[in-house]
Amino acid sequence: MSTRGQTHLWMVQRVTAMILALAVLVHLVTIIGAVRGGLSAAEILGRTHGNGAWFAFYVVFALSAGLHGAIGLRNIAAETIGLRGRGADLAWLAIGLVTAGFGIRAAYGLFA
Amino acid sequence: MAEPASLKVSVWRGGEQGDFARYEVPARANQTVLDVVTHIQRELDPSLAYRFACRVGMCGSCAMTVNGRARWTCRTHVRKVVGADGELELRPLANLPVIRDLAADLTPFFDKWQRAQGRFQPKDATDGAVPEEFAVVPPASKARREADAGIECIGCAVCYASCDVVTWNPDYLGPAALNRAWTLVNDVRDAGHGERLDAVAGDAGCHSCHSTQSCTERCPKNLDPSSAIAGLKRRLFWDTLLGRR
């Protein structure tokens, strides 16, 4: 990967970190609110079903978490076991997108 | 601290493979670690290889690993690093090839200054000619203050030997080269910013720095390479985001 590409990865890492700082907080408050508020599954579905803003939030959250995690693991693998190179980069990108995909799929299940 | 009558000095002998040799050196007042090494070489074992030049903290030649920590030996008083047991352990600098005994090979260190474009490229006289006018650089300007903060580097490689990222990634440019690049990026007379920022970006450059700040902690000149590297990251972030590079 070019140094420009590596710079972009670092930027994505920083920006997703900022998003996650906020998103994790919102996510936790949502979970705790739903559980402690005693919402039933039907009530939760009633709020998430067709709620575009809620779905958009979770798409951004899942993408940020997937990319942030994969880029971080890429750095750790390079520094600790020397795993570097194009093949590894593509694998990490795939892992990041698949992780994000799982999150988005789950959110879509509550949205659709 | 109670001062021992004599020092028990373990000195690395050999190249990458080697072992410690033990010497007993008389303890003296105001003795530096370099004094101890010189005593061993002159009085006890003339085959000991080590490097020094100025003896007054200017040249950056005499850095070694003293009791596990990289230091400039000419300005390190023995009483500062030795306990009541008088034990002193000397190794060559870490993260560099060993030539012999206490002399490390600084070639990779200085090669990386070149890779980081750590040389001044005059804007007014790219062909090497003398410019007609002096450049006016207000000393209080922000850029000049950033540059001034990092220009006193003596190239001793203490930061480089102390950097974990260099240990993990031998391609990593290291604190000194990146600090040098940051001083030049802030030099308004310099024309090589674009190339230099490209050279210091990415996994082998500033973006691998973990900001653990061993470089800043151990720099004998009290420079702050960690902040210089943060400056490069900041500059590259905005330049890339705003399409300025």
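**Interface between the two domains of chain B**

In this predicted model, about 1,200 Å² is buried between domain 1 of chain B and domain 2 of chain B, with 62% of that area on carbon and sulfur atoms. Of the area that domain 1 of chain B buries against domain 2 of chain B, 44% is supplied by B:Arg69, B:Trp72 and B:Asn95, a share that exceeds that of any other three residues. The two domains span residues 6-104 (domain 1) and 107-241 (domain 2) of chain B, and their C-alpha centres are separated by 30 Å. Contact between them involves 14 residues of domain 1 of chain B and 17 residues of domain 2 of chain B.

The rule identifies 1 salt bridge between domain 1 of chain B and domain 2 of chain B. A salt bridge is formed by B:Arg69 and B:Glu217, whose closest N and O atoms lie 3.7 Å apart; B:Arg69 is also one of the three residues named above for their share of the buried area.

On the side of domain 1 of chain B that touches domain 2 of chain B, strand β4 of chain B (residues 69-72) makes the greatest contribution, with 4 residues. By residue class, this side of domain 1 of chain B comprises 9 nonpolar, 3 polar and 2 charged residues.

Definitions and conventions. Residues numbered from 1 in each chain as written. Chains lettered and ligands numbered in written order. Predicted model: local features only at pLDDT ≥ 70, side-chain atom pairs only at ≥ 80, totals over all residues. Heavy atoms only, no water. Domains from an automatic or database assignment. Contact = heavy atoms within 4.5 Å. Buried area = accessible area lost by both parts, 1.4 Å probe. Salt bridge = Lys/Arg side-chain N within 4 Å of Asp/Glu carboxyl O. Helix = DSSP H or I, 4+ residues; strand = E, 2+ residues; numbered from the N terminus. Nonpolar A, V, L, I, M, F, W, Y, C, P; charged D, E, K, R; others polar.
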